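The structure is shown first.

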Amino acid sequence: MKKLIAGNWKMNGSLAANEALLDALAQGLTVAPACEVAVCVPAPYLAQLRALKSTRAALSAVGLGAQDVSAHASGAYTGEVSAAMLKDLGCRYVIVGHSERRQYHGETDVLVADKAKAALAAGITPVVCIGETLAEREAGHTEEVVKRQLAAVIHTNGHCISEIVVAYEPVWAIGTGKTASPEEAQAVHAVLRAQLKAATDQSARVKILYGGSMNAANAALLLAQGDIDGGLIGGAALKAQDFLTIIAAAHA
Ligand code: PEP
């Protein structure tokens, strides 16, 4: 399957900075990449990104993504953004359950699963983030934690699970400069692959991305692992040259 390299801009950007970043990406993407590419940007900039993409041919295949979605379809949920609104703005992807949302906004496994369901119902691919904290890893609970997080999404979404993207993001590796070694990451990905296989006969369709300080220097080795189908890239996605290097490292 084609790998997916998705940038997570987090709460960064401005109208001017976004345009400069997209221009630099467009210049570097004159040859179609071997992988799928997406950028998940702050909700207020989705319309800008859509417009910028439409006038830059090199970016036509770059998927647009959001970073969160409401579990509700519409109504009295002040401040929330629905999956239908994201679809309206041209989103192909939405990140759900990022560890920063689990940690700072109290998102539970059940809520994350409901958000994935709302995205799927609107025809958007949820990029479901799962991963253990440092304390959980050190206590030997990595497998148990990621399986519990993924099980909630499988339970709520049934056979639609084949339409999701999973992102394994060890919390201790996000934004810290510490990366899981390719072997550590591969070991967890293999566990997740087996869990998906037990849940659906379409599991071969599900991409499992690695995220957590993936950068221009370490991407190739991580992406060479058998069960790593791409990357979710935070900090390095804000630097056009680094993001382009990671994209180039993602061969089929
Ligand atoms: C992320 O935010 O999903 C992420 C992986 O961040 P970073 O690459 O900066 O660790």
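## Second largest pocket

The lining of the second largest pocket consists of six nonpolar, seven polar and six charged residues. In this classification Ala, Val, Leu, Ile, Met, Phe, Trp, Tyr, Cys and Pro are nonpolar, Asp, Glu, Lys and Arg are charged, and the others, Gly among them, are polar. The model is predicted: local features need pLDDT of at least 70 and side-chain atom pairs count only at pLDDT 80 or more, whereas totals for chains, interfaces and linings use all residues. Residues are numbered from 1 along each chain as its sequence is written, and side-chain values use heavy atoms, with hydrogens and water left out.

The volume of the second largest pocket is about 280 Å³. Its lining comprises 19 residues, and S99, R102, Q103, T133 and V171 lie nearest its centre. Two or more lining residues come from each of α4, β5 (125-130) and α7 (142-157); the greatest contribution, five residues, is that of α4. Helices (H or I, at least four residues) and strands (E, at least two) are DSSP runs, numbered from the N terminus.

A pocket is an open set of points on a 1 Å grid over the protein atoms alone, where a 1.4 Å probe fits, with protein on both sides within 12 Å along at least five of seven lines; lining residues have an atom within 4 Å of a point. Grid points are joined across faces, edges and corners, and the volume is the space filled by probe spheres set on the points.

## Largest pocket

The largest pocket holds about 610 Å³ of space. It is lined by 26 residues, with M11, Q67, D68, R101 and H105 closest to its centre. By class, 13 of the lining residues are nonpolar, seven polar and six charged.

Both α4 (99-104) and α5 (109-121) supply at least two residues of this lining. The largest share, three residues, belongs to α4.

Strand β4 pairs in the parallel sense with β3 (residues 63-66) over two bridges; pairing requires at least two DSSP bridges between the strands. A66 has V94 of β4 as its bridge partner. Strand β4 also runs parallel to β5, to which four bridges join it, and I95 stands opposite V127 in β5.

Together, β3, helix α3 (residues 83-88) and β4 form a right-handed β-α-β unit: with the strands pointing away from the viewer, the path from the first strand over the helix to the second runs clockwise.
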